[in-house]
Amino acid sequence: MCDKHIEELDDHHFLTNLETPLREDAFDLSVDEKVELIEEDFRKIMETLGMDLTDDSLKGTPKRVAKMFVKEIFGGLLPENKPGMSTFENKYNYNQMLVEKDIVVYSTCEHHFLPIVGRAHVAYISNGRVIGLSKMNRIVEYYAKRPQVQERLTMQIVKAMQEALGTDDVACIVDAKHLCVNSRGIKDIESSTVTAEYGGAFKEDENLRKEFLSYLNLKTTFNV
């Protein structure tokens, strides 16, 4: 792709695949090897920007950034970090919608490597299996912790839940602010982006979708 075409696509929000784009050799290097290489590369970036890396405040920054990239904010690229998907028999025969709302999303825009911050709301209807509530949060966190496009993130959450539960009846809505919009370019600090993915009954039944959306408006702030 030529530089001119890349510039034309600069602020367009698009994705190319449901799967995160990774090379075949993405896992050939160890975590420590990746940290070491990124540390060297980020040191060069800082030097190119004119930063004085002998300053006490800056000399540890390349290592800190490298460790943060590999082990923290992009930890969702490491297969070993994928949460266990164990489920349990629905012995109490709860056959209504279960909604986990306001799951915090911290992700990174893959176009500008700036933060995406928002909330995810996930729902499913059991077909005989249930999943621990904290696992739903961990699924969101795992797929958020990688360079992302919000549409892909929303679909990946639904797909992971469907595979874990053995049902298509899963839905997810993500409402997030993108700092590539809020802090650069148009610098619109008020707007947010909303994406939705509906599977199974949620896709087929408009009333079910409305019920899901109505739960998101419930005031559930408690003083504990």
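## Helix α8

In this predicted model, L208, F212 and L216 are buried in helix α8 (residues 206–216). Buried denotes a relative accessible area under 20%, exposed over 50%, and partly exposed in between, with a 1.4 Å probe and protein chains only. Helices (H or I, at least four residues) and strands (E, at least two) are DSSP runs numbered from the N terminus. Viewed down the axis of α8, the buried residues fall within an arc of 95°, so they line one face of the helix; the arc is taken from the directions from the helix axis to the C-beta atoms. An α-helix has 3.6 residues a turn, so residues three or four places apart point the same way.

The buried residues of α8 pack against β2 (97–109), β3 (115–125), β6 (170–178), β7 (193–198) and α7 (201–204), where contact means heavy atoms within 4.5 Å.

## Basis of the model

Residues are numbered from 1 along each chain as its sequence is written, and side-chain values use heavy atoms, with hydrogens and water left out. Because the model is predicted, local features need pLDDT of at least 70 and side-chain atom pairs count only at pLDDT 80 or more, whereas totals for chains, interfaces and linings use all residues.

## Overall architecture

The protein contains eight helices and seven strands. Its C-alpha trace spans about 65 × 45 × 40 Å along the principal axes. Of the 224 residues, 34% are buried. Among contacts between residues at least 6 apart in sequence, 69% join residues at least 24 apart.

## Nonpolar cores

The largest nonpolar core has 27 residues, and V122, Y124, I131, I139, V140, I157 and M161 have the most contacts inside it. Such a core is a set of buried Ala, Val, Leu, Ile, Met, Phe, Trp, Tyr and Cys residues joined through side-chain atoms within 4.5 Å. At least two residues of this core come from each of β2, β3, β4 (129–131), α4 (133–144), α5 (150–165) and β6. The greatest contribution is that of α5, with seven residues.

Another core, of nine residues, lies apart from the largest one and includes M97, I125, L208 and F212.

## Charged residues

The whole structure holds eight salt bridges, each defined by a side-chain nitrogen of Lys or Arg within 4 Å of a carboxyl oxygen of Asp or Glu. R152 pairs with E110 in one of them, the closest N and O atoms being 2.7 Å apart. This pair links distant parts of the chain, with R152 in helix α5 and E110 in the loop between β2 and β3, 42 residues apart. R152 is buried, at a relative accessible area of 0%, and E110 is partly exposed at 24%.

R23 forms a salt bridge with D25, with closest N and O atoms 2.8 Å apart; R23 is exposed at 62% relative accessible area. A network of salt bridges links E39, R43 and K63. K34, in helix α2, is buried yet has no salt bridge, and the nearest side chain of opposite charge, E80, is 7.7 Å away.

Note on methods
Lys and Arg count as positive and Asp and Glu as negative; His and the chain ends are not counted.
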